[in-house]
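Let's take a friendly walk through a protein model. Have a look at it first, and then we will go through a helix and a ligand site.

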Amino acid sequence: MSEKFLLKGISSTAMHAAGHKNAEDAHLTPIFATSTFTFDTAEDGMDRFAGTDKTRVYSRWGNPTFTAAEETIAALEAFGLKDDNGQPLQLKALLHSSGQAAMSTLFLSNLKAGDAILSHYSLYGGTQELMTKVLAATGIEVIIVDMRSLNLVSEALQQHPQIKLVHIETPANPTIQCVDIAAVTKIAKTKNVIVSVDNTFATPYLQQPFKFGVDYVFHSTTKFLNGHGTAIGGVLLGKDLEKMRTSVWKWHVLLGGNSNPFDAFLLAQGMKTLEIRMERHCANAQAVAAFLEKHPAIAQVNFTGLSSHPDHELCKKQMRLPGAVMSFELKGGLDAGKQFINQLQMCVRAISLGTVDTLVSHPASMSHFGIPREERLKYGITDGLIRLSVGIENIEDIIRDLDQALQ
Ligand code: PLP
C-alpha cells in the first residue's frame, strides 16, 4: 500500500496498517519461525545492535511476524487520535506471550521498591494476584480503592505520594464495572502519576484510552483481538516512544515474556475482522441482555448496555458500544447454576471470553470453585452467578439455547 494513502476506516487499518512488504512478496506476513537472524558482515551486525529496530537480531528481542501484529494494534489504538502537537498519535507496541507477561513488563518497568500502585477493587484475578503476590513481594505497595468514586482516587493520591502508577481495568472482569478514564487520568496527572488501562474487554474498536491522556494501554490479546481462541497473548502499548524502545523494551526482553511467530500470525489474522466481529458481538449481547432481563428465573443482569446498570451513562460516554461480556444471577443459587450450565446444547462451557462462539461459565463451580464461599462473595461471585461472553452465532440460536437451559 502506498504510504501517501491515508486509511480512513478501522477495518482497512486492521488489514493494511502493517503493510505487505517481505522479501518473498508473500501476501500475508510469513511465520518467521526462527530463533535468530544472520548478519552479512560484522558491520551489518553492529548496525542492527545499535539501531532502535531490534526485529532482526534474536527473536526474544523481536521478530518480523511480531512486528506485523504490533503495528496493527498500534494503528488501531491510535486510530484518528492526535498527539500534543496536533500530529497523528504514534504508539509503540510490544507483543508478549500472554497478558500476564505484558502486565509484568508494565508494572516492573515502571515501579520499584518503595513505590506504590493504585487500582480498582474489581480486577481480573491474575492481575490482582500479580499485584498482591509478586509486586508486594518486591516491596511495591498495592493500594486498592473503589475507583468509581473520584473522591477516593483523589484522597489516595493525596495521602500516598509514593503512588507512581494508576492502573484502570474498564470494563472490569468479572463485574463489568466501568471506571471513568478521563476523570481518573485528569486527577492522576495533577500529581504527575502514570496511568495505564487494561482495554481487553473493550478492544480499540469500542474504546481508545489514549484519547483521554493515558500513558499505557494493555490487552490480553487472547480475547477479542485474536477473536478465535487460537492463542494466548498480550500486548503493551505506550506513547513515550523513546521509553518504550529503551527501558520498557529492556524489561520485556529480560523478563523473557516474548511472543512466538505462530501465535503472532494467528493474532494478525484475527485482528483483520475486529470491526465486523465486534459489531455482531455487541448487537447479539444487547439482544441477549434484553432477553435475560425479562426472564423470571433471573434475579439480575449485569450489563452496561442496560439502563438499569449503574455504569450505563459512563459506558455511553467512553465506549462506542457496551461490549459483549455480561454476568447474570440465577434465582436458584448453586444448583440452578450447575443445572443451567449442564443443559446448554450449543453455547460452550468454558472460561475465557472474546471468541467468536458464545462461552458460558459458572464461577462458583468452575473458576472460583477452590475459593472459600465467604471470600468469593466479597468479590460479587455469588452462587448463582453466570458469566457469558456472547459470540457471533445467529442470535436466534443463542437465545433458543439459553431459553431451553433456563427451563
Ligand atoms: N486482563 C483481563 C481483563 C483478562 O480478562 C485477562 C485474562 O482473562 C488477563 C488480563 C490476563 O491475560 P492472559 O490470560 O492472556 O495472560
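R48 and D44 both belong to helix α2, which covers residues 42-50. They sit 4 residues apart, about one turn of the helix. Helices here are DSSP runs (H or I, at least four residues) and strands are E runs of at least two, numbered from the N terminus.

The two residues form a salt bridge, with the closest N and O atoms 2.8 Å apart. A salt bridge means a side-chain nitrogen of Lys or Arg within 4 Å of a carboxyl oxygen of Asp or Glu. In the whole structure, a search finds 10 salt bridges.

## About the model

This is a predicted model, in which local features need pLDDT of at least 70 and side-chain atom pairs count only at pLDDT 80 or more, while totals for chains, interfaces and linings use all residues. Residues are numbered from 1 along each chain as its sequence is written, and side-chain values use heavy atoms, leaving out hydrogens and water.

## Around the ligand

Which residues come nearest to the ligand? Of the 14 residues around the ligand (each with a heavy atom within 4 Å), they are Q100, D198, S220, T222 and K223. Helix α4 (99-110) and strand β6 (216-220) each supply at least two residues of this shell.

Some polar contacts (N or O atoms within 3.5 Å) stand out for a closer look. A polar side-chain atom of D198 lies 2.7 Å from a ligand nitrogen, and a side-chain N or O atom of K223 is 2.7 Å from a ligand oxygen.

Notes: A polar contact is a pair of N or O atoms within 3.5 Å; within protein, one must be able to donate a hydrogen and the other to accept it, and residues adjacent in sequence count only if both atoms are side-chain atoms.
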